[in-house]
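Here is a short report on a predicted model. Please look at the sequence and structure first.

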Amino acid sequence: MQTNLADFIKSTSEGQEADRILRTCVHCGFCLATCPTYQLLGDELDSPRGRIYLMKQMLEGAPVTEKTLAHLDRCLTCRACETTCPSGVQYGKLVDIGRHIAEEKIGRSPAARLQRKAMRAVLSESSRVMPLVKLGQLARPFLPGALRKNIPAYQSAGDWPAPRHARKMLVLAGCVQPSLAPNINTAAARVLDRLGISLVVASQAGCCGALSYHLNAQDEALDFMRRNIDAWLPYIDQGVEAIVMTASGCGVTVRDYGHYLRHDPAYAEKAKRISDLTRDVSEVVLAETDKLAQLVQATAKTSAGKVAVHTPCTLQHGQKLNGLLEKILAAAGLELTISPDRHLCCGSAGTYSILQKELSGRLLKNKVAALETGSPAQIVTANIGCLMHLQSGTGLPVRHWVELIDRLLA
Ligand code: SF4
Ligand code: SF4
C-alpha cells in the first residue's frame, strides 16, 4: 500500500511505525473472513482492511470523526486478522497507534473519560480490586441472577509449595486474578512443583500494563512495565530461568516489553531481556509432558469428563501458541471435544466486555454455543478475563486448564 503521511505524524516514531505497517498491507481482504466484528456487522469499516484504510486516511491528514473512533473502538484487538494475513501486517500495533491518534484528535466525552480513568485506577491495582470483589461476594447471594453471574464465588487458593527445587521460575501475580481466582497461580505452583520447578513471586511486581496501554494511557503503562522489570531483574540475576504467565492477556504484553520500551535508553535492553525470558505456563508444562503423564491419577481423569478447550486470542493470535493446551490435556489422558470457530474471540477482550456490551454479549453467546457443541462436562481456558466472561454465559464450570491438571495429579 502506498502512503503519504501528514506532517503532524510522519517524523514521529509512531508515524514511522504506522507507515511501515501500512505499507505491508496489499488490500487482499483475506483477513475479512476471520474478523469477528465483520462477521457480526457485515460492514467493511468494521473489518481489518476497512480499519486499515480509516487509519491510513487519518494519518494522511483526513478529518477524524466520531465515526472513525467508533469503528476503531469496535475492534477487539483479538488479532485473528494477523493470523490470517499472508503479508504479515502487524495490525495490533497499528490499531494501538490509530486509537491513540484518533482519541487525541477528537477526544472523548467527560463521562467516557471518567469511566476509562476509573477502570484504570481500580482494575490495575490488586489492593483496590480485592475489597470490591470481597464486597461483591458478600452481596452475591442477594443479587439477581444476571448480576450474580458476573461475580465469582469465593475461592480458596490452597497451598503454595515451599521452594525446594534447583529450577526456579518467577510468576506474575497480576492485578485482577489474585482476587477473582487465587487458585490459578497456586495450582500452577503445585503443578510445576510436581514437575521439578519451584515458582516464586516478586512482591514488587504488579499489573503488566496492558489495561492502561489499551485505554490510551501509554505513559502510565510504561511505568508499570518499568516497575515489573525492576522487580524481576534481581531474581533473574540470581538464576531464575523464566517469567511464567498464567494469564495469556498479560503474557502477550510482557512478551512485548522489549518493543514497548525500545526508545527508553535506561530500559530498552532490560525490557528485551524480560521479553526473551517470558513463557506462558503451557510452554513450560508442554516441555514436561512425559513426567506429567506419569503423575496423572486414572480415576481423576475419568471423573473430569469431556473437556472443551477455549484458547484465548492472546494465546493463539497474540503469542502464536496454538494447540498447546490440547497437547497437554491429551497427554494427561483427557477426552477433548471439538468446537467450531475456535479462532473467534469470546468477546471478553480486556475491557471490551464493559465498553462494548452489546457486541461482546453476541460474541459470548456464539462462543458458548460453539464450546458446548460436543456436550463437554467443563470448559477450560488460559486467561482470567475469558474465564470470567465465559462463566457469565454458561452453566458449565469454567476453569483455567492448569487448575484442571492440578486436580488430576496424585
Ligand atoms: S483485531 Fe480482531 S476485531 Fe480487530 S480487525 Fe483484527 S480480527 Fe477484526
Ligand atoms: S489480509 Fe493482510 S494484506 Fe490482506 S487486506 Fe488484510 S491486512 Fe491487508
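## Lysine 149

Lysine 149 lies in the loop between α10 (145–148) and β1 (168–171). Is lysine 149 buried, partly exposed or exposed? Its relative accessible area is 41%. Buried would need under 20%, and exposed over 50%. Lysine 149 therefore counts as partly exposed.

Which residues does lysine 149 touch, leaving aside its neighbours within four places in sequence? They are Ser392, Gly393 and Thr394. Isoleucine 405 is 256 residues apart from lysine 149 along the chain. The C-alpha atoms of these two residues are separated by 25 Å.

## Helix α25

Helix α25 covers residues 384–391. Of its 8 residues, 6 are buried, so the helix is largely enclosed by the rest of the structure. The buried residues are Ile384, Cys386, Leu387, Met388, His389 and Leu390.

## Nonpolar cores

The largest nonpolar core holds 85 residues. Trp232, Trp401 and Ile405 have the most contacts inside this core. Helix α14 (residues 218–237) gives the most to it, with 8 residues.

What does tryptophan 401 contact, leaving aside its neighbours within four places in sequence? The list includes four valines and leucines from one part of the chain: Val281, Val285, Leu325 and Leu329. Ser282, Ile328, Val380, Thr381 and Ala382 are also in contact with tryptophan 401.

Another core lies apart from the largest one. This core has 26 residues, among them Leu22, Met58, Leu72 and Cys75.

## Ligand 1

Ligand 1 sits in the second largest cavity. Its shell takes two or more residues from each of α3 (36–41), α4 (48–59) and α6 (80–84).

How many residues surround ligand 1? There are 13, and the closest are Cys35, Arg51, Cys75, Cys78 and Cys81. Cys75, one of these, also belongs to the core of 26 residues. By class, the shell around ligand 1 has 9 nonpolar, 2 polar and 2 charged residues.

## Ligand 2

Ligand 2 takes up the space of the largest cavity. Which residues are closest to ligand 2? They are Cys25, Cys28, Gly29, Cys31 and Cys85, from a surrounding set of 13 residues. By class, this shell has 9 nonpolar, 3 polar and 1 charged residues.

How values were computed: Residues are numbered from 1 along each chain as its sequence is written. Chains are lettered from A and ligands numbered from 1 in the order in which they are written. This is a predicted model: local features need pLDDT of at least 70, side-chain atom pairs count only at pLDDT 80 or more; totals for chains, interfaces and linings use all residues. Side-chain values use heavy atoms; hydrogens and water are left out. A residue is near a molecule or strand if one of its heavy atoms lies within 4 Å of it. On a 1 Å grid over the protein atoms alone, a cavity is a set of points where a 1.4 Å probe fits but cannot get out, and a pocket is an open set with protein on both sides within 12 Å along at least five of seven lines; lining residues have an atom within 4 Å of a point. A molecule sits in a cavity or pocket if more than half of its atoms lie within 2 Å of its grid points. Helices (H or I, at least four residues) and strands (E, at least two) are DSSP runs, numbered from the N terminus. Ala, Val, Leu, Ile, Met, Phe, Trp, Tyr, Cys and Pro count as nonpolar, Asp, Glu, Lys and Arg as charged, and the others, Gly among them, as polar. A nonpolar core is a set of buried Ala, Val, Leu, Ile, Met, Phe, Trp, Tyr and Cys residues joined through side-chain atoms within 4.5 Å. Buried means under 20% relative accessible area, exposed over 50%, partly exposed in between (1.4 Å probe, protein chains only). Contact means heavy atoms within 4.5 Å.
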